[in-house]
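Colleague: I'd like to learn how to read salt bridges in a model. Can you walk me through some?

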Amino acid sequence: MAAQDWVDKDFYKTLGVNKKASAADIKKAYRKLAQDLHPDKNPENKRAEEKFKAVSEAYAVLSDKDKRAEYDEARSMFGGGFKFPGSGGRNRGGGGQGQSYGGGMGDVFGDATGNLGDIFGGLFNRGGDGQPRQQPGRRGADIETEATISFDDALNGVTIPLRLTGEGACPVCHGTGAKTGTVPRVCPECDGTGSTARNAGGFAFTEPCALCTGRGLVVDDPCTTCHGSGRAMTSRTVQTRIPQGVKDGQRIRLAGKGVPGEGGGQAGDLYVIVHVAPHPVFARAGNNVTVTVPVTFPEAALGAQVKVPVPGGSSVTLKIPAGTANGRTFRVKGRGARRKDGTNGDVLATVEIEVPTAVDDAGRAALEAYREAMPSTDPRAELLQRAGVAGAKA
């Protein structure tokens, strides 16, 4: 039976790939085989021609995600458990040695008519009546661009215009592909579906119509700008909202802002890679904002209240306790970048003790007096001892 012959075909073996092969591996295998077996390369070679047809048939199924899933399901249902009614073959399942499957398909699926159209409703883009369904509109391509924003805009969010240049509907014919004053006609070959059915061992495979190349329309008098394709390079401006808290290098997806679809298909998506310009004062550490705060030695030693800048052009007063060491970090709650849950990170203020580069006579005298007043201990003695330096004393 032709249907049994089709089910017995191993498209994976035909392409030389395994059942878990990725789409990229399948495409690569097909391209190599198609190139080697192409009729132009093998004139009057019937064997190569048959192999080329088999490879094309296999790729037509395995390259389509939905068709591949349905093919795998069909193979698991019919490829190894029993024979189709009237096939005359043996049951290759484990039901009993030498048994033939004598019942109709209705015995298995509860359908007394044994109609495969209901079982495979929509298999390879066919309805239960065996007629090809009209192809949905073609989805537009995704596009990617880049944008640079300021540090403050990254924290607060901003709407920016993006100038995009790419393929879109021809501005002259508005995507019809026909010359001004004319209209395309419905393709007589596919009746406007954009695809035709090809019989392959009892099942029909849909493929793009050769006459209209899948558009469903035939242009007799093509547009002089797009030459009948309906597509042309166009420029447009898209208002793009950059959310609060975006990070440098983050990729943002804007659904439906990509290349417009064809034949009523949805538009592709726009992906924006955001670059954040550096700030002269602030930096990012995740959702926290970091800042280095210079303090004097007396402020660190005796304690002080100092102003610390925070994003947004304002400041907070930070209490520095007496004896604060260089490099100590203080946390200002809730003044950082916006998190995904709607809360804010913190500002992390790190103290950096300033050492004067020039000291006048009065300052030098004061420092000398301070040194005399301090206990004569070597702050590096323990360090040298732990490092094993000879003669070091704690």
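Modeller: The term means a side-chain nitrogen of Lys or Arg within 4 Å of a carboxyl oxygen of Asp or Glu. Keep in mind that this is a predicted model, where local features need pLDDT of at least 70 and side-chain atom pairs count only at pLDDT 80 or more, while totals for chains, interfaces and linings use all residues. Residues are numbered from 1 along each chain as its sequence is written, and side-chain values use heavy atoms, leaving out hydrogens and water.

Colleague: Is Asp378 buried, partly exposed or exposed?

Modeller: Partly exposed, with a relative accessible area of 40%. Buried means under 20%, exposed over 50%, and partly exposed in between (1.4 Å probe, protein chains only).

Colleague: How many salt bridges does the whole structure have?

Modeller: A search finds 12. In one of them, Arg139 and Asp269 have their closest N and O atoms 3.2 Å apart. Arg139 sits in the loop between α7 (116-119) and β1 (143-149), and Asp269 in the loop between β8 (251-254) and β9 (270-276), so the pair ties together parts 130 residues apart in sequence. Helices (H or I, at least four residues) and strands (E, at least two) are DSSP runs, numbered from the N terminus.

Colleague: Which residues are linked in a network of salt bridges?

Modeller: Arg139 and Asp269 again, together with Asp142 and Arg253.
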